[in-house]
Amino acid sequence: MAMRPPVSVPTLSRRAKLVIGAIVVLLVLFTAIGTLTNVYVDYLWFAETHYTEVFWTQVQTRALLFAVAGVGTGGLVSLAVYLAYRFRPTFRPMSLEQQNLERYRQSLEPRRTLVLSVVGVLLGLFAGFTAQSSWQTWLTFRNATSFGTKDPQFGLDLSFFVFDYPFLRLLLGFAFWTVLLALIGSLITHYVFGGLRLQTPGQKLTAAARVQISVLLGLFVALKAVSYWLDRYGLVYSDRGQLFTGASYTDVNALLVPKTILVIVAAVCAVAFFANIAFRNFLLPAAALVLLLISSLVIGVAYPAIVQQFVVGPSANQKEAPYIKRAISSTLAAYNLSNLKYVDYAQNTTGNSVDTGAALSALRNDNQTIPNARLLDPNVLSETFNARQQIRNVYGFPKKLDIDRYTIGGKTQDYVVAVRELDSAGLSGNQDSWINRHTVYTHGNGFVAAPANEVVAGQQGGEPNFTTGNLPTTGNIPVKQARIYYGELIGDYSVVGAPKGATPREFDQPQDNSGQGQISNTYDGKGGVSIGSFFRQLTFAIYYRERNFLLSGAVNDSSKVLYVRDPRQRVEKAAPFLTVDGDPYPAVVNGRVTWILDGYTTSNSYPYAERMQLQQAAQDSLTGAGTSALPDEQFNYVRNSVKATVDAYDGTVTLYAWDQQDPVLKTYEKAFPGLVKPRSQMSPELVSHVRYPEDLFKLQRDILTRYHVSDPGVFYAQSDRWQVPTDPTRDTTEAQPPYYILAQRQGDPAASFQLTSALNAYNRDNLSAFISASSDPRTYGQIQVLQLPGNTPFRGPRQVQQSFITNNQVRPDLTLFKSAESQAVFGNLLTLPIGGNGLLYVEPLYVQGTGQNSFPLLQKVLVNYGDRVGYGNTLAEALDQVFGAGAGQSATGNGSSGTPPPSSAAPSTTAPTTSPPSGGSGQPNPALDKAVSDIDSALNALATAQRNGDFAAIGQAQSNLQKAVAEYEAAKSSSGSSRSSASPSG
């Protein structure tokens with residue numbers, strides 16, 4: 001049979017080779033320059049923030065894993081291919097198959113070294129890039145810290161499952177792929193060069209091919225034996241139980257022993273393949289392989305399925321009980337819910353009936369919760385803050401404002417707070433030129449705060465009472481450094497700094513009262529990366545693709561670049577092992593505006609704990625509308641292990657170990673020594689502003705809907721399951737967000753700042769529980785669960801909202817508010833436990849115009865208790881409607897506390913209660929009573945005039961209101977009364 005002529009391979013001309021070579025060199029050069037520039041700019045940021053240890057630890061760890069995985073995978077596969085070629089047969093039998101392969105051999109022979117090198121390098125690069133992304137897995141394995149708790153099945157410390165097991169699985173996965181790729185490469189090489197003859201008569205394998213293939217198959221099966229051994233420990237993550245995570249009855253009794261048997265069978269099979277090196281017969285390893293396959297199907301699949309179907313299925317609630325108990329205990333521990341305080345609440349209440357006497361008594365005695373009832377919704381008021389405090393279009397406030405508390409004059413009160421940031425997206429026209437965007441408009445300026453339970457009247461009724469604000473910042477919260485160079489809205493880099501004596505370039509604030517014109521400033525903080533040298537300027541010109549770094553006169557020897565300016569991004573960069581809460585908030589600490597953030601350590605390998613999707617579990621109706629979504633990752637362990645701060649002026653990032661007992665944090669502290677400071681270094685003022693984090697609370701409340709029960713039978717039946725209610729104030733199916741309130745918890749002596757949420761019965765709108773997490777430094781993290789009686793249909797948030805919008809008093813106003821000129825905006829629906837037997841719902845109602853630059857104003861207050869609804873201009877008025885005359889006095893602090901004095905911008909509408917107050921001697925005061933009546937009349941007239949759009953009547957009502965307030969203050973002073981009878985009002 002005539003042989004086919006060899007295949008001719010087209011060749012390139014010398015000129016074409018030069019052109020292609022030049023293009024390749026340029027591509028490599030540009031890629032290298034871009035990559036090195038990115039790495040260098042990254043390093044400069046770490047050097048500026050003094051976290052170079054983080055940079056180098058990451059680089060070294062990634063490089064190590066890249067090198068080991070790349071050399072290991074690429075090198076071993078290349079070695080296998082080389083050995084297959086090296087021991088190819090010198091002579092091959094003549095056959096059609098070999099003739100067809102000959103042309104490929106002739107093409108490969110001259111290029112075999114190049115082909116082998118390319119294959120090895122590509123596989124090495126792929127393996128290296130894959131491995132380096134698992135740098136945290138290696139670091140936690142290397143620096144593992146004991147949990148001090150053993151799992152109930154294997155008796156191993158939990159650190160084995162959290163730190164060791166993931167790395168062993170990673171290592172095994174790379175070993176599997178390396179052996180598999182080596183086997184595939186060897187088979188192809190042996191086939192092309194005649195060692196493996198599929199269609200040629202006679203011997204199918206050469207001795208060398210048989211040895212190499214036997215060894216590789218033996219290694220693969222040996223790795224399978226190791227995999228079976230690790231599978232035994234992997235049972236702690238089993239989902240066979242469906243309702244719970246962890247080893248089930250079937251896993252322990254019908255799969256654990258079979259996995260051990262499969263280890264032995266796989267080991268025997270591997271030995272059979274290795275023995276084939278000497279016995280030269282594939283019958284023995286083939287028989288062993290068949291035995292392994294049959295065993296895995298029979299005892300690894302069929303037998304557990306039979307046990308599950310016929311043994312467990314008919315009595316699963318009993319068989320699974322001990323394993324459900326494990327899952328409950330482990331899940332609560334994993335989500336830090338082991339030490340909850342459950343309180344049986346409202347046990348003496350029947351249905352939705354209201355014991356008016358008991359409720360009124362509780363309200364009269366309450367001077368902690370009702371006086372602090374929050375009427376300003378930080379999720380609604382962003383436009384109001386912009387309208388009243390933005391001052392210039394270059395400034396702005398985030399979509400969601402924040403809640404924090406301050407103690408002023410011995411009184412602790414919650415405030416709606418925000419910083420006046422530079423809004424990069426708000427620059428327009430010539431403001432958007434490179435010079436203006438990056439060297440003139442460089443920062444925001446100012447801290448703004450308004451008490452959360454009061455509003456003021458002015459030309460627009462219902463505005464927040466800005467007790468701190470304006471430019472320059474003034475008010476009852478002293479701010480020494482109000483410039484904001486780092487914030488949530490600042491999306492661009494800025495070039496700051498100038499030589500001594502140079503005219504300031506940065507816009508600082510508009511013209512002041514002295515007529516000086518625009519006030520400019522030169523940044524003198526320690527933040528930013530110096531770009532005084534030509535090399536640095538060239539570096540950033542390449543990085544940002546901006547030639548002005550080299551050409552603009554605004555860039556000088558004293559210039560610095562501020563970048564990575566979002567507080568959340570800065571913390572994530574400084575501590576890459578943390579998951580950062582989606583809602584940073586500003587606080588004034590030691591006179592400086594400081595961003596406070598919560599950092600979580602997480603794991604997906606905690607045994608027996610339910611796994612969730614991080615992003616989905618923390619989702620609510622506000623996610624993406626002022627708060628950032630968490631990463632879309634699976635997890636089953638979380639701790640609020642770190643409190644982080646970012647200085648708004650110089651960008652300093654500081655990390656504090658908040659949960660110092662967290663083994664995951666301790667592990668990372670070994671990997672990054674000195675990165676996280678001890679909790680003891682937090683100043684008392686900073687500690688006074690820490691809050692229980694929202695995202696963690698949302699994860700925990702989701703877990704509690706299922707794991708609040710301790711009885712495995714009840715858990716299995718799901719008969720007492722709860723559910724997070726949807727947000728009734730928004731047109732959405734997303735969960736209701738938790739709310740910060742200042743209130744008195746059951747059993748506590750005084751009000752405390754806390755994060756709260758209502759929980760419904762599963763697939764029902766009835767309320768089942770109310771949970772709160774303390775933010776008070778003395779009781780921080782203590783979670784209290786008020787459990788309502790299951791046989792009593794307490795109204796949940798959606799039912800309460802329905803009672804509001806269908807109320808005969810409310811419905812006409814909603815129709816009036818919802819017009820072509822205005823719209824009704826419902827504020828947060830707060831749930832407040834009152835007196836041990838009832839739940840009070842409070843919701844502010846805002847009205848916002850539909851025109852451009854309109855903003856919401858607080859107009860009404862809605863109250864629900866049991867089956868009663870109150871609707872008034874003030875909280876006191878609404879309470880009186882529900883509980884009877886005099887109930888609203890509790891909204892004024894019942895004589896023990898009051899609201900801050902009205903701002904100078906407008907008279908306060910924190911109107912006196914409608915119940916007759918008394919003088920200091922306890923005797924009636926006619927002048928004071930008349931002033932109260934006049935204020936009520938003026939408020940009613942003002943509300944009516946606003947609804948009718950009668951501007952003349954609005955002006956007259958405001959004049960009457962100011963006069964009545966002045967008379968009230970005068971009467972109160974003359975009576976010698978020392979108390980403030982102010983009540984939050986709309």
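The structure is a predicted model, in which local features need pLDDT of at least 70 and side-chain atom pairs count only at pLDDT 80 or more, whereas totals for chains, interfaces and linings use all residues. Residues are numbered from 1 along each chain as its sequence is written, and side-chain values use heavy atoms, with hydrogens and water left out.

The protein contains 27 helices and 35 strands, these being DSSP runs numbered from the N terminus (helices H or I, at least four residues; strands E, at least two). Of its 986 residues, 55% count as buried, where buried means under 20% relative accessible area, exposed over 50% and partly exposed in between (1.4 Å probe, protein chains only). Among contacts (heavy atoms within 4.5 Å) between residues at least 6 apart in sequence, 69% join residues at least 24 apart. The accessible surface comes to about 42,300 Å², and 55% of this belongs to carbon and sulfur atoms; accessible areas come from the Shrake-Rupley method with a 1.4 Å probe, and for residues only the protein chains shown count as cover.

On the surface, a nonpolar patch with about 850 Å² of accessible area together is formed by L26, L29, F30, I33, F534, L538, I542, L550 and L551. Helix 1 (14-49), helix 15 (534-544) and helix 16 (548-551) are the elements that give two or more residues to the patch, and helix 1 gives the most, with four residues. F30, which lies in helix 1, is exposed, with a relative accessible area of 58%.

R592, in strand 20 (residues 592-603), is partly exposed, at a relative accessible area of 28%. Not counting residues up to four places away in sequence, R592 touches Q481, A587, D647, Y649 and D650. R592 and D647 are 55 residues apart in sequence, and their C-alpha atoms are 7.6 Å apart in space.

Strand 34 (residues 857-865) and strand 35 run antiparallel and are joined by five bridges, with V861 having G872 as its bridge partner in strand 35. The two strands form a hairpin with two residues between them, and G866 in the turn has a positive phi of about 65°. In strand 35 (residues 868-872), four of the five residues are buried.

Technical notes:
Two strands pair if DSSP finds at least two bridges between them. Patches are made of residues with over 30% relative accessible area and no salt bridge: like charges are joined within 9 Å, nonpolar side chains (Val, Leu, Ile, Met, Phe, Trp, Tyr) within 5 Å. A salt bridge is a side-chain nitrogen of Lys or Arg within 4 Å of a carboxyl oxygen of Asp or Glu.
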